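Please examine the sequence and the structure before reading on.

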Amino acid sequence: MKINNDQLFDEVVLAKEYLQSNWEQWKQEETTRDVIISSEEKWLRLFGHFKENHIAAYNLINIVEYAFCLPGTSAPVERVFSLMNKAWTDDRCFMKESTVKGLMKCKIISD
């Protein structure tokens with residue numbers, strides 16, 4: 001991912017200005033409607049504003065997309081390692097990788 005730091009700085013400054021100018025309105029909207037505006041909705045509003053006003057934000061969009069595709073925790077990976085350690089014991093250490101892979105698929109699908 002290529003990021004132009006100069007452009008990114010400008011994009012962040014514009015985003016900060018937009019968010020600061022709308023923050024109070026959003027808080028009031030949440031209070032009036034008794035709902036919480038999700039972070040996803042706030043990002044959509046920000047990038048919608050950029051699109052409406054023909055503001056290029058390629059660098060910021062790339063970083064946000066990358067950040068949102070990262071898992072929130074490592075729990076799924078840790079679970080797989082835990083299952084693998086239970087299946088691939090000292091008594092069963094001579095199993096082929098393909099056999100362990102098959103056992104993991106069966107175990108994960110059955111849960």
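Is Met-1 buried or exposed? In this predicted model, Met-1 is exposed, because its relative accessible area is 60%, above the 50% cut-off. The residue belongs to the segment that precedes helix 1.

Helix 3 spans residues 58-69. Its 12 residues extend 17 Å from the first C-alpha to the last, close to the expected 16 Å. Asn-59, Leu-60 and Val-64 are buried in helix 3. These residues lie on the same side of helix 3 because they cover an arc of only 130 degrees around the axis. The cover over them includes helix 1 (5-33) and helix 2 (39-52). Tyr-58, Glu-65 and Cys-69, on the other side of helix 3, are exposed.

With 14 residues, helix 2 reaches 20 Å between its first and last C-alpha, close to the 20 Å expected. Lys-42, Leu-46, Phe-47 and Phe-50 are its buried residues. In general, an α-helix has 3.6 residues a turn, so residues three or four places apart point the same way. The buried residues of helix 2 pack against helix 1 and helix 3, whereas the face turned away from them bears the exposed residues Glu-40, Leu-44, Lys-51 and Glu-52. Just after helix 2, His-54 adopts a positive phi of about 55 degrees.

Definitions and conventions:
Residues numbered from 1 in each chain as written. Predicted model: local features only at pLDDT ≥ 70, side-chain atom pairs only at ≥ 80, totals over all residues. Heavy atoms only, no water. Helix = DSSP H or I, 4+ residues; strand = E, 2+ residues; numbered from the N terminus. Expected span 1.5 Å × (residues − 1). Buried < 20%, exposed > 50% of the residue type's maximum accessible area, 1.4 Å probe, protein only. Arc of directions from axis to C-beta. Contact = heavy atoms within 4.5 Å.
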